[in-house]
Amino acid sequence: MKFYLGTHHPGWLRLCPFPLFVSHRRLTTYKTLPRAVGPVAIDSGGFTELSMHGAWTTTPRANAVSRYVEEIGNIDWAAPQDWMCEPFITAKTGLTVREHIHRTVGNYIDLLSLRPELPFRPAMQGRFIDDYLYCFDLYERAGIDLTKQPLVGLGSVCRRQHSAQIQTIVTTLASAGLRLHGFGVKTRGLQRYAASLTSADSLAWSYQGRRTPSLHPGHINEANCRTFAEIWRTRLLNSLTWQQPTLDGL
Ligand SMILES: [Zn+2]
């Protein structure tokens, strides 16, 4: 599994040789973008956007991603403007889960027809396994075979508490042949589902850092600390490697 460390700080792009996950919301204000030394994936920032405004307030972002590809470089892929389906998000938008799925698929098709050369990857949204299968069919009806995609973003799964539900969704889709990216996966989720994911990202280090008293001069806490983040990442990856023989042996 390829792990992208989530960061609020685009400046890290020029410093970190390992994969980073950066939100479009953080990049959009930069006049001069940092040049990346490691691989990068671009998050849509949709979770923030929909939870704040209850709708996408920005237009399709093909031009922005085109600029990131050119100026930042090393862009592995970018998320479309998908519509998350957590209950508090649908409460905010006032729309049904199925409508969120339609809009998610619709946005990917829009981006694909605007700029087919850009590395947008389709995202799946839903709440229950039937929703994800509905989403899969909707892509298929639009002529997009998700099993042929290099990566498919799996949304609205990883923040949940019900691990049995998550397990069903992740394993069903992975065994259907999808190469999945887990958006915003919790540490425990990663340890559990790493074998079914092609890639994942997480900002969990920052939430942990917020509750960690300063370890370095000038830091109030460790929520924004690159050293703290790098140590967290190493520990996480070691814990996944350690688990790998067990998973392979199953
Ligand atoms: Zn620090």
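**View A. The glycine that comes after helix α6.** Glycine 143 follows α6, and its phi is positive, near 85°. Helices here are DSSP runs of H or I with at least four residues, strands are E runs of at least two, and both are numbered from the N terminus. Please keep in mind that this is a predicted model, in which local features need pLDDT of at least 70, side-chain atom pairs count only at pLDDT 80 or more, and totals for chains, interfaces and linings use all residues. Residues are numbered from 1 along each chain as its sequence is written.

**View B. The length of α6.** Helix α6 has 13 residues (129–141) and, at 1.5 Å a residue, should span 18 Å; the expected span is 1.5 Å times one less than the number of residues. Its end C-alpha atoms are 18 Å apart, which agrees.

View C. Tyr132, Cys135, Phe136 and Tyr139 are buried (20 or more other C-beta atoms within 10 Å of their own, with C-beta atoms placed from the backbone). They cover an arc of only 100° around the axis (taken from the directions from the helix axis to the C-beta atoms), which puts them on the same side of α6.

**View D. Tyrosine 4 in strand β1.** Tyrosine 4 sits in β1 (residues 2–7) and counts as buried because it has 22 C-beta neighbours inside 10 Å. Its C-alpha atom is separated by 7.5 Å from that of alanine 41, 37 residues apart along the chain.

Technical notes
A residue is buried if 20 or more other C-beta atoms lie within 10 Å of its own, exposed if 12 or fewer, and partly exposed in between; C-beta atoms are placed from the backbone.
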